[in-house]
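Please keep the sequence and the three-dimensional view at hand while reading.

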Amino acid sequence: MYDVAVIGAGIVGTSIARELSRYDLSVVVIEKSSDIANGSTKANSGIVHAGYDAKEGTLKAKFNVLGSEMYEGICKELDVPYKRNGSLVLAFNDDDLRHIEILYKRGLTNGVRELEIIDKNKVLSLEPNIQDDVVGALYAKTGAIVSPFELAIALAENANQNGVEFMLSTEVIKVYKEKDVFIIETSKGVVQSRYLVNAAGLFADDINDMLGGERFRIIPRRGEYCLFDKAVGGIVTRTIFQTPTNKGKGILVSPTVHGNLFVGPNAVEMDRKDDVSTTRKGLDEVLRGGSRSVKGLNPRDIITSFTGIRATPDTGDFVINIPTKNAVNAAGIESPGLTASVAIAPYVVSLLEEQGLRLIKKENFIATRQNTKLFINMSEDEKKEVLNKNPMYGRIICRCEHITEGDIVSAIRRPLGARSVDGVKRRVRAGMGRCQGGFCMPRVVEILARELNIPLTEVKKSDEGSFILTGKTK
């Protein structure tokens, strides 16, 4: 019997799990995927939004601004890459100028700091590669970028370090109550809990229906991205938005915290929640949209493309409510959900407390993660010290990102460590470079097989069934 069960291990579920781990509680996170952040979180723009876009008085506006202010401290505690690079919403005509004036006033109402509207000359002085027909922009200095999957993994690791259990590869089949206890039937047996949090992302509406909450629907909205090589990562230094529409914030161009550049996403409503295919039409749309804002986007510099599915609620706002006694929905957390997640977490915990969950703070709560630095980021003295202790740090496996065997082994052995090639990639970036794993994947497969003590044919690329090898050829 657990005190709290959290369904979902994306950025929202892991934020809530880490917040709950501050208290003397037994907590379990149930996730149907084989790894943390394997759904919408892994294919996210990674933008920490300033908070000017969300309509006044909404949950989106409230938690966006609060989350933006919390981000730097949390990323510092958990040793996660974060950069406050600022953002620009570009105007190319008089209608756009009128719209960014609305965004400016909305931002002030929402409590966003350091906002200003700037003219064409200031735009081009900040970002010389913006298209020449720009006429002005909304400049938000508090906009930032982060690695979304690295943050979710860090939140989960820290929660686990503080006693939270994680049940991965465990699909929730049915949820019901017997007296005051939630009975959660899963693919790996029955879990019982006194309280429950629904952070199931794209499938949060299904869990809400099981709980008997007021009905809402999650509309899957596909967004396609192009990721560019680090060689062109400096085309812009700030996140470049177009004037938003009712479908989203438009095609954006932004650097990443690791020095790449990405363009996207588009917005296409889907029938299926698991369709993460990319399309020629969609990628062409993304490139055209990005080129409308920024010069010098050459398709030859693209190293990969990918798709994320946004969990868009039909309510028009986040769904954070009480579907039944002793439960909380944290659902429909689309953009700016990444930013809002860290502020949503303490609010969800407060809703649990209002329903009777007793919160006693741990005296021994550990707020930080240790020994997460990659070899390439160490000082010369640190490198010498770690090499003396472990010669595996002297063997480069991923030449593009300069990732060593020691880095990869550490990622596998850490709490909630990597169990797949993509799990290694998301933790230490092996395979994230120009060749996209063309050289290092065979060695990563070998290391996973050795460390997990499994045959090479059982090593997976990502989730269940994604085997890479079928057998020997000779």
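Between which two elements does the loop that holds P336 lie? P336 is placed in the loop between β20 and α8. The model discussed here is a predicted one. The points below begin with the whole protein and then turn to particular regions, among them the loop of P336.

**Overall form**

- The protein contains twelve helices and 22 strands.
- A compact globule of 474 residues would have a radius of gyration near 23 Å, and the protein, with 22 Å, agrees with this expectation.
- Taken along the principal axes, the box filled by the C-alpha atoms is roughly 60 × 60 × 45 Å.
- Buried residues make up 56% of the 474 residues of the protein.
- Among contacts with a separation of 6 or more, 71% are between residues 24 or more positions apart.

**The loop between β20 and α8**

- This loop joins strand β20 (327-331) to helix α8 (337-354), and E334 is found in it.
- E334 counts as buried because its relative accessibility is 15%, and the cut-off for buried is under 20%.
- Leaving aside residues up to four places away in sequence, E334 touches K60, A311, T312, P313 and F318.
- The peptide bond from S335 to P336 is cis, with omega near 10°.

**Other backbone features**

- P265 is located in the loop between β16 (261-264) and β17 (268-269).
- A37 is not a glycine, yet it has a positive phi of about 60°.
- The loop between β2 (27-30) and β3 (47-48) holds A37, which counts as buried because its relative accessibility is 2%.
- R429, likewise a residue other than glycine, has a positive phi near 75°.
- R429 is found in the loop between α11 and α12 (441-452), and a relative accessibility of 7% is why R429 counts as buried.

- Strand β5 (residues 87-91) runs parallel to β14, and four bridges join the two.
- Within this pairing, S87 stands opposite T239 in β14.

**The second largest pocket**

- The space in the second largest pocket amounts to about 930 Å³.
- Its lining consists of 36 residues, and D79, N371, T372, K373 and L374 lie nearest the centre of the pocket.
- Several helices each supply at least two residues of this lining: α2 (59-78), α5 (148-161), α9 (380-389), α10 (405-413) and α11 (421-428).
- The element that gives the most to the lining is α9, with four residues.
- By type, the lining of the second largest pocket has twelve nonpolar, seven polar and 17 charged residues.

**Enclosed cavities**

- A search of the whole structure finds three cavities of 30 Å³ or more.
- The largest cavity has a volume of about 60 Å³.
- The lining of the largest cavity is formed by A50, V65, S68, E69, R84, G111, V112, R113 and T142.
- These lining residues of the largest cavity divide into three nonpolar, three polar and three charged.

**The loop between α8 and α9**

- N377 lies in the loop between α8 and α9.
- Is N377 buried or exposed? N377 counts as exposed because its relative accessibility is 52%, and the cut-off for exposed is over 50%.
- N377 and H402 are 25 residues apart along the chain, and their C-alpha atoms are separated by 9.8 Å.

Key: Residues numbered from 1 in each chain as written. Predicted model: local features only at pLDDT ≥ 70, side-chain atom pairs only at ≥ 80, totals over all residues. Heavy atoms only, no water. Pairing = 2+ DSSP bridges. 1 Å grid on protein atoms, 1.4 Å probe; cavity = no way out; pocket = protein on both sides within 12 Å on 5 of 7 lines; lining within 4 Å. Points joined across faces, edges and corners; volume = space filled by probe spheres on them. Nonpolar A, V, L, I, M, F, W, Y, C, P; charged D, E, K, R; others polar. Buried < 20%, exposed > 50% of the residue type's maximum accessible area, 1.4 Å probe, protein only. Contact = heavy atoms within 4.5 Å. Rg over C-alpha atoms; globule rule 2.2 N^0.38 Å.
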